[in-house]
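Keep the model in view while reading.

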Amino acid sequence: MSARILVVDDIETNRRLLEARLSAEYFEVIEAADGAEAVRRAREDAPDIILLDIMMPGMDGFEACRLLKADTATKHIPVVMVTALDQREDRIKGLEAGADDFLTKPVDDVALFARVRSLLRLKVVMDELRLREAGRDSDAEIAGDEFQGGHVVVAGADEKSARRFAGMLPAPFDASPCWEPLEALRRARETDLLIIDLTSPRFDGLRLAARARSDAETRQLPILGIVDNDDRSGMVRALDLGVTDVIARPVDPGELAARARTQIRRKTYADALRDRLEESLEMAVTDPLTGLHNRRYIISRLRQGLDAMERSGERVSVALMDIDHFKRINDTWGHQAGDKVLRGFAERLKRELRAVDVAGRYGGEEFLVVFMNAGGDCALEAAERCRAAMAREPFVLASSGESLAVTLSAGVAEARIGDDIEDLLARADSALYEAKSSGRNQVLAWRRKAA
Ligand SMILES: [Mg+2]
């Protein structure tokens, strides 16, 4: 996995050293000598990871990290802080500034590459989501900075150790201890973070982590592994297996809470991106007001129907429906009343149609229904059911209690060999026109009118 890494350190020798080792692993390395330059290069060169020295003259690493994490253009780039001394206060201060991880100088190669690989995997997923997000015109920035707490399952070898670690996470965390691997796996499906004690020989925590990774429902779940301080290979194995972050024993409660917060915050952000992605896929085919399909979608389904007819002779029909005197409703009762009528109409439409019929909002108060595998008689019958359902029951306005009698007119046409979409819709439209001009509240088929 190749990537561009920004190495920030005020001492040139340190930068040279890191560069040599990273280049040997085919990483592309760019450099900055202080906090301000780091922020600038991060914006300009879009690195995949930033290795950030803490002690620097001028702007130090904490301040640079805060700036990077506050800027939309750089906040998604993982930051690994590099500390000269393994100080608890530094680690917590760094995590609170938004750092994703820590390394202690002199930087150990094995630890460095394991961290870098793990953060890169994560970044690939996030970049993919962000890329799709960028395709939409979103002015609402996804929040995710405000920490709201979250549910944490803490899996340990026995009740005592699981409870001890869970006890290190006070509110707003909601931490529950668990000492049964299968139970932990089951509960992980409904949690925001899984913490696993990987240090007990009586408990195969790595197996639990691997199973959580391969389960579709927990594949994206952050996992924080507790490892022994001197067990470097255990740490590397955990990260390579898909554990998202590790913390060394003896576990410092403040650091555990800070790391848990980082993991949950990142998950909240990723979940929000995924939700919005799903929503935007849905929006591409759905009319937001009525929940019916939109014009683009219904036309594409009609095209498929006509293709199927050309190929295998399946019959296809359409009904073009229009709410009678809709403008009058809007003018008299306001747009909210008009919207209510449109939504109510859509509901009745869904109730009366078969599952295979495809209904969409064609324009303002005009709706198009495509009847797959159905001749004109069948479509006429269905459209008539819709008309009757509208006429049967008035709409009641919530604001005034006023009841509105609303009717619809529709024109039905069956596709003929050689039809294109415009031909077919023109016939349905001409039948609709006939229905309107000869009294409204009725459904007419095109061929009847022609007869
Ligand atoms: Mg320094």
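A patch, as the word is used here, is made of residues with over 30% relative accessible area and no salt bridge, with like charges joined within 9 Å. The model is predicted. On its surface, Asp-275, Glu-278, Glu-279 and Glu-282 form such a patch, of negative charge. Asp-275 belongs to helix α10, which spans residues 253–283.

Other charged residues are paired. Side chains of opposite charge can pair when their charged atoms come close. The structure has 44 salt bridges. One of them joins the side chains of Lys-267 and Asp-192, at 3.4 Å from N to O. This pair links distant parts of the chain, 75 residues apart: Lys-267 is in helix α10, and Asp-192 is in the loop between α7 and β8. Lys-267 is buried at 16% relative accessibility, while Asp-192 is partly exposed at 24%.

Within helix α7 (residues 181–188), Glu-183 and Arg-187 are 4 residues apart, about one turn of the helix. Their side chains also meet in a salt bridge, 3.4 Å from N to O.

Arg-427 and Asp-419 form a salt bridge as well, with their closest N and O atoms 2.7 Å apart. Arg-427 is buried, at 8% relative accessible area, and Asp-419 is buried, at 10%. Elsewhere, salt bridges with shared partners connect Arg-91, Asp-101, Arg-115, Asp-245, Glu-255 and Arg-259 in one network.

Finally, Val-412 lies in strand β16 (residues 408–414). Val-412 is buried, at 2% relative accessibility, and its contacts include Val-318, Leu-380 and Trp-446.

Notes: Residues numbered from 1 in each chain as written. Predicted model: local features only at pLDDT ≥ 70, side-chain atom pairs only at ≥ 80, totals over all residues. Heavy atoms only, no water. Patch = residues over 30% accessible without salt bridge, like charges linked within 9 Å, V, L, I, M, F, W, Y side chains within 5 Å. Areas by Shrake-Rupley, 256 points an atom, 1.4 Å probe, with all protein chains shown as cover. Salt bridge = Lys/Arg side-chain N within 4 Å of Asp/Glu carboxyl O. Lys, Arg positive; Asp, Glu negative; His and termini not counted. Charge placed at Lys NZ, Arg CZ, Asp CG, Glu CD. Helix = DSSP H or I, 4+ residues; strand = E, 2+ residues; numbered from the N terminus. Buried < 20%, exposed > 50% of the residue type's maximum accessible area, 1.4 Å probe, protein only. Contact = heavy atoms within 4.5 Å. Lists of a residue's contacts leave out its neighbours within four places in sequence.
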